[in-house]
Amino acid sequence: MNILDKIVIRKQEEVALAKQSISVQQLEASPNFDRTPLVFKDFILAENRTGIISEFKRRSPSKGLINGTAEVETVTKAYNEAGASALSVLTDTDFFGGKAEDLIAARAVNQIPILRKDFMIDEYQILEAKAWGADLILLIASILTPQQIVQFGKFAQSLGLSVLLEVHDLEELERSICPNLDAIGVNNRNLGNFTVNIQTSFDLADKIPTEFLKISESAIDNPEVIRTLKKVGYNGFLIGENFMKTEDPGQAIRDFVGKL
Ligand SMILES: O=P(O)(O)OC[C@@H](O)[C@@H](O)c1c[nH]c2ccccc12
């Protein structure tokens, strides 16, 4: 069994438990549930922003501990002030060391879109995302059927949330693409075995229909890569480790953006 299978099995248990402790009615009564989500596309394409989706990630199954001291408010505010177009906040606890409270805390101090970074397998999690103050959800093609992608995409958009579909190869892209998506993210990391290759983004660039935003995800560690990805049509760049692995992720993004 690969790591992704393990994550999904654990996620199924986690969602079942969450449903027992917090009802849909309670989620709908959360203070953030009725806020109007920010529009991801507007911030990704904004002239005064960088297209960077900057991620708050404490640990990962591939790297173990990445940063054990960073504070979510401080780091996400620094990302925002440095010109990030959006924030990505891991809410998976067991494998990535995140939690709902991280997203809620980031929401309270930032006015740019926030992606709930998690493994979505149930509509209930989309309601949680909305209740916590997210603007955008991730759907990972390799763990969902095409029917689930349509269903979850529609449901998220009906709540005003934007939808980012993550793919890793052409087969996933072709079977998963549907109208209920806002952006397609090409993950340069294979979630099954953790190998990374930026070439994945270049290979798929012209296979993504023009009506979707194009996002390149993972293993982006220098500004030159962003320049070349822009040339082949990418609008957004999801960066985690490169900033989080430093003692001061805020300083790391400022230095990076200074060289863009
Ligand atoms: O830290 P990196 O290599 O810059 O990668 C960020 C992000 O793309 C990665 O965390 C990620 C991409 N897809 C995911 C799905 C689940 C969890 C995490 C991820």
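Visitor: Which way do β1 and β4 run, and how many bridges join them?
Guide: They run parallel, and four bridges join β1, residues 52-56, to β4. Keep in mind that this is a predicted model.

Visitor: Which residue is the bridge partner of I53 in β4?
Guide: A86 is the partner of I53. Another pair links the two strands: F56 has V89 as its bridge partner in β4.

Visitor: What else does β4 pair with? I mean β5.
Guide: β4 and β5, residues 114-117, pair in the parallel sense. Four bridges hold that pairing. Within it, S88 has L115 as its bridge partner in β5.

Visitor: And how many bridges join β1 to β10?
Guide: Three, and those strands run parallel. I52 stands opposite F237 in β10.

Visitor: How many residues of β4 are buried?
Guide: Five of its five, so β4, residues 86-90, is mostly covered. A86, S88 and L90 point one way, while L87 and V89 point the other way. All of them are buried.

Visitor: Why is β1 called largely enclosed?
Guide: Because five of the five residues of β1 are buried. Both of its faces are covered. I52, S54 and F56 are on one side, with I53 and E55 on the other.

Visitor: What does L87 touch, beyond its neighbours in sequence?
Guide: Setting aside residues up to four places away, the list includes S54 and F56. T76, Y79 and N80 are also among them.

Visitor: Switching topic. Which residues come nearest the ligand?
Guide: Of the 15 residues around the ligand, E217, S218, L238, G240 and E241 come nearest. The elements that give two or more residues to that shell are β10, residues 236-239, and α11, residues 241-244.

Visitor: How does the shell divide into nonpolar, polar and charged?
Guide: Five are nonpolar, four are polar and six are charged.

Visitor: Back to S218. Where is S218 found?
Guide: S218 is in the loop between β9, residues 213-217, and α10, residues 223-231. The phi of S218 is near 80°, a positive value in a residue other than glycine.

Visitor: Is S218 buried or exposed?
Guide: Buried, because 27 other C-beta atoms lie within 10 Å of S218, and the cut-off is 20 or more.

Visitor: Where does A219 lie?
Guide: A219 also lies in the loop between β9 and α10. Phi of A219 is near 60°, again positive in a residue other than glycine.

Visitor: Why does A219 count as buried?
Guide: Because A219 has 20 C-beta neighbours inside 10 Å.

Visitor: What is I44 in contact with, away from its own stretch of sequence?
Guide: Leaving aside neighbours within four places, I44 is in contact with G51, S85, A86, L213, N235 and G236.

Visitor: Next, α6. How many of its residues are buried?
Guide: Eight of its 10, so helix α6, residues 123-132, is mostly covered. The buried ones are Q125, I126, L127, E128, A129, K130, A131 and W132.

Visitor: What covers them?
Guide: The cover includes helices α1, α2, α5 and α7. Strands β5 and β6 are included as well.

Visitor: What follows α6?
Guide: G133, whose phi is positive, near 105°.

Visitor: Last one. What does UniProt place at residues 4-255?
Guide: An unreviewed UniProt entry places the feature "domain: Indole-3-glycerol phosphate synthase" there. Over those residues the chain is 42% helix and 17% strand. The end C-alpha atoms are 33 Å apart.

Terms used: Residues numbered from 1 in each chain as written. Predicted model: local features only at pLDDT ≥ 70, side-chain atom pairs only at ≥ 80, totals over all residues. Near = placed C-beta within 6 Å. Nonpolar A, V, L, I, M, F, W, Y, C, P; charged D, E, K, R; others polar. UniProt positions renumbered as here; feature names shortened; annotations may be inferred. Contact = placed C-beta atoms within 7 Å. Buried ≥ 20, exposed ≤ 12 C-beta atoms within 10 Å, placed from the backbone. Pairing = 2+ DSSP bridges.
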